[in-house]
Amino acid sequence: MKIEGKEYRTIWLENNIVKIIDQTKLPHTFIIKDLKTVKDAINAIKTMEVRGAPLIGATAAYGLVLAIIENNDQSFLKKSAEDLISSRPTAINLKWAVDRMIKKLSGVNSDKILEIAFNEAKEICEEDIKFCENIGLNGLKIIEEIYHKKKDTVNILTHCNAGWLATINWGTATSPIYHAHKKGIPVHVWADETRPRNQGANLTSYEFNEEGVKNTIIADNTGGILMQRGEVDMCIVGTDRTLSNGDVCNKVGTYLKALAAYDNDIPFYVALPSSTIDWNIKDHKDIPIEERNSDELSHVEGLDEKGDIKKIQIYPKKSKAMNLAFDVTPAKYVTGLITEKGVCEASEKGLKDLFK
Ligand code: MRU
């Protein structure tokens, strides 16, 4: 997708250096950053210079390419894989991508391993783009249906950033919206601000602005009243881990939006590539929920009147704060899962019928 009219992906390789867009600097500064070592890749994931389930998976895959360039030895590769998996706990795509790379690379001759690793990391990215594009085409049908009934702008609420910046291109939740926009269907997005890191305001609204999609940022608590007023036609969110029973783990606050949508009879869809399905965990209480530093709550960053970026404290210094990053929306509140293979019910049967 485009930034200032120029096409970008979120991650690419140039002369054995991994290039990323540093998302901690958006929307005020656009910086392309170099990752030269596996440590750089781990740090980029931990500090959220790259974030979003599919993108952290792709970064981990390229992290292993960097590990091989640094030290072409199986024990270093194994240790790097472990460190990458533990860099963020909730999104399953991270482990999925590392496991896929290691399956290809274990026991491979040292003279061939770099080429194989490079090809597999590239394939993970190409596949994600194709899957996100298909998610868009499948979700487009739902938006079209609403538009044909309503014959007016379709208002879509989304939470956090499940946009192209969270994937390699297109995004998951945003892909149906981009496809509808490109087809000339009038769409307008309510972008939840998504405290504390403001991915909705800083990233979702930013990427929609760059693509010319109408959007309005709302405080995280505003969705409910907009739904009661009939100003939301549907919700589409992303996910970091979807269980085989259809329970959906996503950015904290998603659950409350799903409850409000359910109470107001508004369709609530979750968009995901199959790399986000966890076929092993059966009970959502077993999903590792990331708890991040409370500084993310107590401090905010933005432009001051001179245009310089400033970080300020907004809470009483003595107050404690808790920063859980994800929550789980039970399957019963999810209208459907929009995947690369089609739209299915959020249930074991729905997922198994699509992904035998
Ligand atoms: O903490 P983040 O910014 O990595 O969280 C991102 C989300 O919760 C997204 O909705 C999810 O990863 C889906 S991305 C296509």
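These legends go with close-up views of a predicted model and its ligand.

Figure 1. Start here to get your bearings. The ligand sits in the largest cavity.

**Figure 2. The shell around the ligand.**

**Figure 3. Polar side chains at the ligand's oxygen atoms.** For Asn 250, a polar side-chain atom lies 2.7 Å from an oxygen atom of the ligand. Arg 88 places a polar side-chain atom 2.8 Å from a ligand oxygen atom. Arg 51 has a side-chain N or O atom 2.9 Å from an oxygen atom of the ligand. Taken alone, the ligand exposes 420 Å², and the protein buries 99% of that.

**Figure 4. The cis peptide bond at Pro 27.** Leu 26 and Pro 27 are joined by a cis peptide bond, with omega at about 10°. To find Pro 27, follow the loop between β4 (17-21) and β5 (32-35).

**Figure 5. The cis peptide bond at Pro 196.** Here a cis peptide bond links Arg 195 to Pro 196, and omega is about 5°. Pro 196 belongs to the loop that runs between β7 (187-192) and α7 (199-211). As background for this view and the next, most peptide bonds are trans, and most residues other than glycine have a negative phi.

**Figure 6. A positive phi at Lys 151.** Our last stop is a backbone angle. Lys 151 is not a glycine, yet its phi is positive, near 55°. You will find Lys 151 in the loop between α5 (113-150) and β6 (154-158).

Terms used
Residues numbered from 1 in each chain as written. Predicted model: local features only at pLDDT ≥ 70, side-chain atom pairs only at ≥ 80, totals over all residues. Heavy atoms only, no water. Polar contact = N/O pair within 3.5 Å; in protein donor to acceptor, adjacent residues only side chain to side chain. Areas by Shrake-Rupley, 256 points an atom, 1.4 Å probe, with all protein chains shown as cover. 1 Å grid on protein atoms, 1.4 Å probe; cavity = no way out; pocket = protein on both sides within 12 Å on 5 of 7 lines; lining within 4 Å. Sits in = over half its atoms within 2 Å of the grid points. Helix = DSSP H or I, 4+ residues; strand = E, 2+ residues; numbered from the N terminus.
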